[in-house]
Amino acid sequence: MEKQVVDGLREVFQSGRSRPLQYRKQQLRALHRLITERQADIEQALKQDLNKNTYNTSLFELISIENDIKLAESDMADWAAPQPVKKNLNSALDDVYIKPEPLGVVLIIGTWNYPWAMILQPLVGAIAAGSRIFVTNYSQHKKLCSAVLLPQCKAFTNRRKCWAGLDFIYWE
């Protein structure tokens with residue numbers, strides 16, 4: 001089954017849908033909206049699953065993710081811009097630069113002790129890079145955290161899932 005999912009994500013990536021910067025920014029805004037709108041649910045789930053208080057949840061799980069999203073949104077154009085390269089005799093008459101390009105599918109494996117931060121922080125970078133993402137969390141402590149993460153899931157195609165309006169991700 002994993003091979004089918006990864007092949008599906010690669011197929012969607014090859015379509016080029018995640019390449020435009022505006023699309024990536026839209027996906028980051030949707031992720032930020034999910035975090036802000038569901039903050040109380042997130043705090044409650046972490047309290048019940050891991051006995052974390054709301055102060056620790058905000059401080060260690062959510063604030064840094066929100067800051068990462070804001071940073072990625074503001075600097076993404078610079079990160080994706082072609083970078084000039086020093087010319088040599090062979091390339092003196094050429095335009096020489098390195099152009100960052102999305103590379104494909106990313107696997108994010110969640111942890112049990114900081115389920116939101118350890119999943120969503122790499123997720124921000126993967127979205128900003130224009131990748132497709134497969135997220136998995138093998139923890140036995142994920143009952144409510146996963147229930148909060150996936151409340152708005154809808155069928156995407158076959159066994160792929162869409163998460164809270166973000167259409168780049170498969171969650172298992």
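Trainee: Ground rules before we start?
Mentor: Residues are numbered from 1 along each chain as its sequence is written. It's a predicted model, where local features need pLDDT of at least 70, side-chain atom pairs count only at pLDDT 80 or more, and totals for chains, interfaces and linings use all residues, while side-chain values use heavy atoms, leaving out hydrogens and water.
Trainee: OK, where does α4 bend?
Mentor: At Ser-74, by about 50°. That bend is the angle between axes fitted to the seven residues ending there and the seven starting there. Helices here are DSSP runs of H or I, at least four residues, and strands are E runs of at least two, numbered from the N terminus.
Trainee: And which α4 residues are buried?
Mentor: Among them are Leu-62, Ile-65, Ile-69 and Met-76. Buried means under 20% relative accessible area, exposed over 50%, partly exposed in between, with a 1.4 Å probe and protein chains only.
Trainee: What do they pack against?
Mentor: The buried residues of α4 pack against α2 (21–37), α3 (39–50) and α5 (117–129), with contact meaning heavy atoms within 4.5 Å.
Trainee: What about Tyr-114?
Mentor: Tyr-114 is in the loop between β3 (105–110) and α5 too, but is partly exposed, at 31% relative accessible area.
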